[in-house]
Amino acid sequence: MILIEEIKSEYDIEMALIILCIRCHFKTSNVNEIRQYIQSNPIDWAKFSSYSVYHKVQPIVYQTILICAEKSADLDLIKNKLQQNTLRNWQLAQETERVVQLFQKANIEAIPYKGTAYSQQFYGNLVSRVTSDIDLLIDWENLRPCIDLLKNEGYIPENEMELLYGWDKLKKEENEYNMDLYQNGQRRFHVELHWSIGNTEIDYSDQATLLLSSQAEKQSLIRDKLVSLTDESHFLAVLFHHAGKDVFSFLRNLIDLAQAAPKLKENQWATIQTDIEKVGLLHSYEMASYLIEQIIGVEIPKLTKVNNSTKTYTSFLQTLLSPDKWQNKMSQIGRIYHFMKMRILLLDTKSRSLNLVFRHVNMLIKPSIKDYLFLPLTKRYHFIYLVIKPVRMIKETLSND
C-alpha cells in the first residue's frame, strides 16, 4: 500500500485526503489518521470536492469527513450533498423497479446491473455509492419492444442510432441503446438498454455477456424483488465494463470491485478465473488487483499471474491519481489514442491487441452518431461523412483547446 505521504508529495494534499477517506471505509486507515492529516495540512475543500465528484466517490469520502473534519470543512454543504445523493439513488431505484415491472407485464425480462442494483447487492444500501443511470440487460430481440414501451412512458431516445446504422447493423456496431425522460426541460432519468456488456472497441462484449447468469432467487431494491445477476456474474460484469470502457480511470471502479470481493466464496473465484481467461482479460484483473492493493490497501484473491511491467503499473496509477492526466482534459483524438494504448495493456493476447488497433483506427474513419446529428443524411449520401467526420473532430479539438 502506498504511503499517504508519497501520494501527497507526488500528487497533492487533496488527493491524499480522498485516499485516506476511502481507506477508512475499508478499515485500512482510521478516523484519527484523517483528523491528524486535516489538522496538519491546508486543505483546499473546493478542490477536494471537485476530485470527489470526478472520481464518483462523494458518499464514502463525505461520510468520513462528517465524522473527522469538525469545523474545518463546510459540513452543512457536505450533509446537503449526501442527502441529495440518497434521495437521487432512492428515485433511481424506484424508477428501476417501475421500468423492469413495465417490461415484465410485456413478458420481457430485464436484469438491472451496476447502478442501484450493485449498490444494494454489495454495499447493502442505496447511500454509499453514486449512481446516475439505470442499466438494464435485455435480449437483443426485445430491444424494439422495450423502446416502444419506454416511448409510451414519455422517454425519448438519446440518439436514434438506427437512423445511422439501420437495425440490421446496430447490434454489431453498438452494445446499448439509451433513452431519457425529461421533466420541465431537465433530464430526470437515463435508461441504458444493454444487449451486451463490456466494450465494442475491445470486441469481447458478446463473449463476456454469455458468461453472465441470473439466479432464481430474486433480490430487492426497494419494495419488490427483481431478477438479478449472481454475485460472481455481477462482479465480472463490472470488471469487464470498467476494463473496456474507462480502463480503471475512476476510483469508484476500484471501490466497486473491492467492495464485492469479500462476498465471493472460493468456488465462485474458481468460476471467475475461468471466465476471465475465456475473455482474455487476466491482465485487466491483475491491474485492478494491483491498484486496489496499492491505493486502498485491500488484497483481493490472486488469479493466474501475468506479467504487467512496472512501467505499465506506474502509468495506470498516474492516470488514476494525477489531475493533469485525467482524460476529460484531452481532445477527442487524444482521448481515442489514450484509450487505445491503455486498453492494449489490459488485453492478454497480441492478436486481440492488433485487432483493437484496427478497430480504433476504424473509429477515426467511419461515421458515428455524432456525425449524423451534425448533419443528418439519408443512407445513399453517407459517404459524405468521410469528409464531415475529420472536419467535426478538428472543430471539437479546437473548441477543447
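1. Is V361 buried, partly exposed or exposed? V361 has a relative accessibility of 39%, so it counts as partly exposed. This is a predicted model, and the points below should be read with that in mind. V361 is located in helix α18.

2. V361 belongs to a nonpolar patch on the surface, together with L364, I365, Y381, F383, I384 and L386. The accessible area of these residues together is about 620 Å². Helix α18, which covers residues 350–365, gives the largest share of the patch, with 3 residues.

3. Helix α14 runs over residues 266–279 and has 14 residues. At 1.5 Å a residue the helix should span 20 Å, and its end C-alpha atoms are 20 Å apart, so the two values agree. After α14 comes G280, which has a positive phi, near 85°.

4. Which residues of α14 are buried? They are Q268, W269, I272, D275, I276 and V279. Looking down the axis of α14, the buried residues fall within an arc of 125°, and therefore they line one face of the helix.

5. What covers the buried residues of α14? The cover includes α11 (205–210), α12 (231–245), α15 (282–296) and α18.

6. N89 lies in helix α6, which comprises residues 75–105. Its relative accessibility is 0%, so N89 counts as buried. Apart from its neighbours within four places in sequence, N89 is in contact with T116, L126, R129 and T131.

7. How many salt bridges does the structure hold? There are 9.

8. R98 and E95 form a salt bridge, and their closest N and O atoms are 2.9 Å apart. Both residues are in helix α6, and because they are 3 residues apart, about one helical turn separates them. R98 is partly exposed, at 33% relative accessibility, whereas E95 is buried, with a relative accessible area of 6%. The pair is also part of a network of salt bridges that links E95, R98 and E153.

9. R187 and D180 form a salt bridge through their side chains, with 3.5 Å from N to O. R187 counts as partly exposed at 42% relative accessibility. D180 has a relative accessible area of 2% and is buried.

10. K302 and E293 form a salt bridge in which the closest N and O atoms are 3.2 Å apart. K302 has a relative accessible area of 54%, which makes this residue exposed. E293, at 22%, is partly exposed; the cut-off for buried is under 20%.

Conventions. Residues are numbered from 1 along each chain as its sequence is written. This is a predicted model: local features need pLDDT of at least 70, side-chain atom pairs count only at pLDDT 80 or more; totals for chains, interfaces and linings use all residues. Side-chain values use heavy atoms; hydrogens and water are left out. Patches are made of residues with over 30% relative accessible area and no salt bridge: like charges are joined within 9 Å, nonpolar side chains (Val, Leu, Ile, Met, Phe, Trp, Tyr) within 5 Å. Accessible areas come from the Shrake-Rupley method with a 1.4 Å probe; for residues, only the protein chains shown count as cover. A salt bridge is a side-chain nitrogen of Lys or Arg within 4 Å of a carboxyl oxygen of Asp or Glu. Helices (H or I, at least four residues) and strands (E, at least two) are DSSP runs, numbered from the N terminus. Buried means under 20% relative accessible area, exposed over 50%, partly exposed in between (1.4 Å probe, protein chains only). The expected span of a helix is 1.5 Å times one less than its number of residues. The arc is that of the directions from the helix axis to the C-beta atoms. Contact means heavy atoms within 4.5 Å.
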